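Me: I am new to this structure. Please take me through it in questions and answers.

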Amino acid sequence: MSIAKLPLKHQFMISFVLVLLLSFITTLGIWGAALLVWRQLPVLPANYYEKKLPAVEKYIQEQGVFLLDPARRTALEQVVPGEGMQYQVLDRDGNIRYGTIAGPVVGSGAELIRVLNTNKVTGDPFAATVTRFVPLLANGHLAGAVALRYRLQATAANPGQKYWPGLLILGMGLAPFASFVFFTYWVARSFSRRLNRPVRELITAAQRIRRQDLDFTISYEANNEIGQLSRAFETMRDALRQSLVRQWRVEEERREMIAALTHDLRTPLTIIRGHVEGLLERGGEHPERLEKYLQTINRNTGRVIRLVNEMRAVAEIDAPEFTVNRRPVDIPAYVAEKAASYREMAMAEGTGFTARLDDQRANNRPLALDPDRLAEVLDNLFSNSLRFTPRGGNISWEVNLTETELTMTFCDSGPGFAPEDLPNVFKKFYRGAGESSRSKGHSGLGLYIAKTLVEKHGGTIAAFNAPAGGACVKISIPAVTP
């Protein structure tokens with residue numbers, strides 16, 4: 001698995017261990033290279049001149065008081081290392097006879113006696129300066145002393161390379177810190193690049209969402225915190241997109257509803273207004289037209305009322321909180337009551353009506369249905385059949401009831417559905433594509449209302465043409481008992 005896919009906590013831990021490991025390896029490499037250079041200089045160790053002291057002290061003790069003579073200077077300087085060690089010859093009162101140390105090293109003879117055969121250390125611990133006082137004796141009595149001064153630090157044997165040892169020691173001391181800083185920066189930069197891609201993608205996504213541009217996807221996938229954030233962001237984007245689509249559809253439906261309502265109300269209201277104006281202007285002149293005008297007004301008023309009721313029903317059943325109110329319904333009694341009502345309406349239009357119930361259940365238990373909403377469905381289907389069935393035609397209502405399902409089928413002897421209308425007859429405001437469409441002159445809401453109410457009962461609805469001709473609509477509802 002790529003490190004970029006790991007949780008951020010694990011990435012931090014791996015990055016920290018990697019920094020330490022690389023720093024350790026690099027430090028060992030630098031130290032190894034420094035040791036190779038150290039051997040090539042060559043370098044004198046810090047205690048190099050300290051090891052020369054025994055031979056120098058032996059010579060001083062052998063010469064004794066004779067070293068107070070400045071004529072002995074050349075011989076003494078041949079014994080004292082000139083590069084790394086300085087000296088000063090003093091009499092017993094602390095006065096300087098000669099030497100390479102600038103300035104007095106003691107203030108008096110009494111101080112000289114106190115520091116004999118001791119080391120006076122000054123300076124910092126990493127480059128201390130040591131002054132050693134060696135007595136000069138004459139017949140067992142103090143005649144003076146020689147002060148030897150050197151520094152405890154590594155130096156190059158070649159004076160031209162005197163700065164290299166210090167630089168090497170400084171580099172070796174700083175190597176761990178410099179390595180840690182360098183690899184911390186390098187690993188942090190790599191870590192930042194890994195995080196930068198998904199973060200930039202999320203920032204871009206947020207900017208596009210602000211512009212209401214939701215046609216994109218977030219591609220970053222990882223089982224870590226950034227991956228979880230990306231998935232949450234993608235879920236939010238998809239939810240927002242679906243919400244905007246729903247909002248757009250609702251707005252489209254609202255515009256369609258307003259346009260349909262305006263169109264459908266204009267015709268009957270225009271007819272009503274025209275006939276009312278005719279009655280007001282010439283009603284007294286033609287009494288025989290009064291009944292005809294009133295019937296036309298009544299018919300178109302009923303059309304307006306029916307349209308308004310359908311619009312109200314659509315608004316009600318489309319509400320998210322809408323549910324059917326189920327209660328026990330005795331299906332045989334319910335079908336008999338509705339069949340009697342439909343038979344009377346069919347007779348008034350000169351149309352035949354038949355109803356048949358086939359109850360295959362072992363016992364006559366009520367079903368849990370909303371009888372009022374089911375009546376809306378049946379009334380819509382019967383009204384459609386009655387509207388398109390010519391006088392002398394017939395409408396049939398077949399009801400089949402089993403232990404698991406209630407099916408009801410309305411068929412008529414009218415022209416049937418146009419082939420291009422069948423896939424769309426249950427859509428809201430669909431009025432049909434052909435001139436012979438069954439929806440011409442109507443709101444296109446009846447079958448939509450029927451479909452919605454059947455689905456609220458958990459059922460299905462289908463439209464088809466009978467083999468012998470005519471339209472059929474079949475609904476199927478699960479036989480749920482209280």
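Me: How many helices and strands does the protein have?
Reply: This is a predicted model, in which local features need pLDDT of at least 70 and side-chain atom pairs count only at pLDDT 80 or more, while totals for chains, interfaces and linings use all residues. Residues are numbered from 1 along each chain as its sequence is written, and side-chain values use heavy atoms, with hydrogens and water left out. Helices (H or I, at least four residues) and strands (E, at least two) are DSSP runs, numbered from the N terminus. The secondary structure comes to 10 helices and 14 strands.

Me: What percentage of the residues of the protein count as buried?
Reply: Buried means under 20% relative accessible area, exposed over 50%, and partly exposed in between (1.4 Å probe, protein chains only). Of the 482 residues, the buried share is 39%.

Me: In what order do the five strands of the open sheet lie?
Reply: Two strands pair if DSSP finds at least two bridges between them. The pairing in this sheet is antiparallel, and the order is 3-2-6-5-4. Strand 3 (96-99) and strand 4 (119-122) each pair on one side only, which makes the edge strands strand 3 and strand 4. The order asked for is 3-2-6-5-4.

Me: Which residue in strand 6 stands opposite Ala128?
Reply: Strand 5 (residues 128-138) and strand 6 (residues 141-152) run antiparallel and are joined by 11 bridges. Opposite Ala128 stands Leu152.

Me: Are helix 8 and helix 9 roughly parallel or roughly antiparallel?
Reply: The axes of helix 8 (residues 331-348) and helix 9 (residues 371-388) come within 12 Å and cross at roughly 30°. Axes are lines fitted to C-alpha atoms, for helices over the stretch in contact, and angles run from 0 to 180 degrees between N-to-C directions. Angles under 35 degrees count as roughly parallel, over 145 as roughly antiparallel, 65 to 115 as roughly perpendicular and the rest as oblique. Helix 8 and helix 9 are therefore roughly parallel.

Me: Which residues of helix 8 make the contact with helix 9?
Reply: Contact means heavy atoms within 4.5 Å. On the side of helix 9, the residues include Pro371, Leu374 and Phe382. On the side of helix 8, they are Tyr334, Lys338, Tyr342, Met345 and Ala346.

Me: Is Thr407 buried or exposed?
Reply: Thr407 lies in strand 12 (residues 405-412). Leaving aside neighbours within four places in sequence, Thr407 is in contact with Glu398, Val399, Asn400, Lys474, Ile475 and Ser476. Its relative accessibility is 10%, so Thr407 counts as buried.
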